[in-house]
Amino acid sequence: MKKRALPGCLALAAISLSLSAQGQESDSLHYNLQEVEITSVRASETTPVAFTNIGHEEIKRRNTGIDLPYLISFTPGAVATSDAGAGIGYTSLRIRGTDATRINVTANGIPVNDSESHSVFWVNMPDIASSVKDIQVQRGAGTSTNGAGAFGASINMLTSGFNTRHYAGFSASAGSFGTLRRTLRAGTGLIGGHWTVDMRLSGIESDGYIDRASSKLRSYYIQGAYYADNTSIRLISFAGEEETYHAWNYASKEEMREYGRRYNSCGYMFTDADGKAHYYDGQTDNYVQKNWQLLIDHHFNSRLSMNVGLHYTKGDGYYREYKGNRKLVEYALQPYTIEGNTVKKSDLVRKKAMDNHFGGAIFSLQFKGEGFDATIGGGANRYFGRHFGQVLWVKEYIGELNPDHEYYRNNGAKNDANIYLKGNWMATEGLNIYADLQYRHIGYKINGHNDKWNSQEGCLQRLAVDESFNFFNPKAGISWNVDSRNRLFASVGIAHKEPTRNNYTDGKLHEHPTAERLTDYEFGYNYRGCRFQAGVNVYYMNYKDQLVLTGELNEIGEPLAANIPQSYRAGIELTAAATLPYGFRWNANATFSRNRIKEFTEVLYDDESGAEWKIRHTDTRIAFSPDIVVNSMLGYSNRGFEAELQQQYTGNQLMSNSGQKAHRLDAYFVSNLHLAYTFSLQGIKSITIGATIYNLFNEEYESNGYAGSGYYTDGSGNRIRYDYAGYAAQAGTHVLGHVSIEL
């Protein structure tokens, strides 16, 4: 983000404070104006899917500095993890055991997932929660949506809503590991009865719990809107800039015992004669992502409405990395001679960069009749990305080395289009029948050279991918409101997912992965009383050709994901919420699941000969899929004082699909205590001060990692298996104090 944005944002804050009269005069128009809300990808109370809504007040209460995945992590079956160990920087989320590549994310109905990796990199959208109105999390195949296929869950965010009155606010957090967050918000309220402008400016810094896992994050959000009786238009721009030191190597248990739990091997160069380790200061990930959205909503009459959205995202980024004892030929460099010795390997610094463009349009046309509603919608998107690498420095290199010496380059292009038709029919009083049909087309190409060396051909891996997919994703179900308090629902849905970029670049040179298919069965019951609510949802997610790591390596030594014919996730989700006497409240949920691969063949390699050892496994656990996840949130509110004890138990997980105990992530139980007090002063709407104590009882745990296996042959010719693993250690007890001022 450019520094010149700051004066403009501060000016907007000042303008908002001077528009009180206009805002008050226009307040009476609020109920006649239409607010843009692209809700066609959302579930309603009659939609037969499992979902959780997270409202604005709940987001605001928990948004004290950590990344958005942690705000979602208290929904059923959700687990968040952090590379830096303290919830800031590179963070990720799994729901029902499915990772970020299988969770569809939209903002105002517009796709957020990266087109090639299918992941969402929340580090590129720092403090986005401060500009989010509410979030809906759907579990399972969910309703038809735009962008990447929902293969376990979908997350739909609606950004800042309609404000008739001017406002301004400032919030800040500071605490452990040098963490500091500042957020400035302001809005004009209604100007001239039709116009509004809203903005946010944020800065976050943290040293991270893991050694050198620092983050420097900047972001802004700005929207201008026009509201009329039947038409609303919003133009939105939001962007993020990040610089994050690498912390993705993780550490083995042996390294933790020797160097401590905060050990980080990323950037290691050498150890001097005094035993001091030296690290490369420039081992950072750097990325700037800018997003633009134009959202148009029009109501033709009380029954017919239309939403249209245009979007464009520009991403530029790179990371620098110190690599020791690397073959020069793999970096398009010639060996050199020093004192008569030919040097073929040397230490170097490489830079891997990308230049991404993503744009398109979405639409929906919604009809609401007597006992029937229908939506037709869809979208079309185009992605183009350049991937390239440069060598910045070579130790004692003799020869010409250009500052921008390039050693690989490839381009990726993807077209993604879908159209869907949804309908909900009230067959009888309280009984709704739901149908949802989607057709999706994907065309994906990669051309050029990858950054991986192919020793068989004596050159960098050649990429020539040209794939096309056509998916039909039908869903159907029923929802029965037995009475005002009891509701039953059941549904079945089919979803498909194309392979990710890595599935191609890390696959075998002459074999391509195939698409995956999910058939999702859901059955639920909800009870809603005055002071108590409860729900139970049973699901069975049956996968065909799911892509999982098998331990096998491709021709260039990279881990290979292969299509497994049959696997499944089955479970039961329990939810409860109670309003208790004396200002207390309690919310809880629990997920008990069984996640299994019915059969697959693991491949290990001999350390010396490279010979294969194939091991057949049946009924093994799917990696990173805990059988138990339980959340409890006990809150108390009284006269401005707010307290909430958040607790999460996550059962043990395996980091590979082979069932090895050496690959296990142990279960953990973490508690967070949130305290806050809100009051007002003359001329100030509200002041909130508080603190959040994370990991209250100092649980020592790891929430992520990697694992693998190999073998060697002993003197008697016996094959001896060995296992290895790295773990993402998470911070012990730490504190963030926070203050928020609303004018």
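**Close-up 1. Aspartate 619 in strand 29 of the predicted model.** Aspartate 619 is partly exposed, at 39% relative accessibility; buried means under 20% relative accessible area, exposed over 50%, and partly exposed in between, with a 1.4 Å probe and protein chains only. The residue lies in strand 29 (residues 612-621). Strands (E, at least two residues) and helices (H or I, at least four) are DSSP runs, numbered from the N terminus. Phi of aspartate 619 is near 50°, a positive value in a residue other than glycine. This is a predicted model, in which local features need pLDDT of at least 70 and side-chain atom pairs count only at pLDDT 80 or more, while totals for chains, interfaces and linings use all residues. Residues are numbered from 1 along each chain as its sequence is written, and side-chain values use heavy atoms, with hydrogens and water left out.

**Close-up 2. Glutamate 396 in the loop between strand 20 and strand 21.** Glutamate 396 is not a glycine, yet its phi is positive, at about 55°. With a relative accessible area of 56%, glutamate 396 is exposed.

**Close-up 3. The aromatic cluster of Tyr90, Trp248 and Tyr319.** A pair of aromatic rings is described by the distance of the centres and the angle of the planes. Rings of Phe, Tyr and Trp (its six-membered ring) pair if their centres lie within 6.5 Å; planes under 30 degrees apart count as stacked, over 60 as edge-to-face and the rest as tilted. The count by this rule is 25 aromatic pairs. One of them joins tyrosine 90 and tryptophan 248, an edge-to-face pair with 6.3 Å centre to centre and 80° between the planes. Tyrosine 90 lies in the loop between strand 2 (78-82) and strand 3 (91-95), and tryptophan 248 in the loop between strand 12 (231-245) and helix 5 (253-259), so the pair ties together parts that are 158 residues apart in sequence. Tryptophan 248 is partly exposed, at 29% relative accessibility.

**Close-up 4. The tilted pair of tyrosine 636 and phenylalanine 641.** The ring centres are 6.3 Å apart and the planes stand at 55°, so the pair is tilted. Tyrosine 636 is partly exposed at 21% relative accessibility, and phenylalanine 641 is partly exposed at 34%.

**Close-up 5. Lysine charges over tyrosine rings.** A charge sits over a ring if NZ of Lys or CZ of Arg is within 6 Å of the ring centre and within 35 degrees of the ring normal. The charged end of lysine 351 sits over the ring of tyrosine 318, 4.4 Å from its centre. For lysine 422, the ring is that of tyrosine 420, and the distance to its centre is 4.8 Å.

Close-up 6. Two strands pair if DSSP finds at least two bridges between them. Strand 6 (residues 132-140) and strand 7 (residues 152-159) pair in the antiparallel sense over eight bridges. Isoleucine 135 has methionine 157, in strand 7, as its bridge partner.

**Close-up 7. Leucine 696 and its contacts.** Leucine 696 is found in the loop between strand 35 (684-694) and strand 36 (702-713). Its relative accessible area of 25% makes leucine 696 partly exposed. Neighbours within four places in sequence aside, leucine 696 is in contact (heavy atoms within 4.5 Å) with Leu645, Ser671, Leu673 and Thr733. Leucine 645 is 51 residues from leucine 696 along the chain, and their C-alpha atoms are separated by 9.5 Å.
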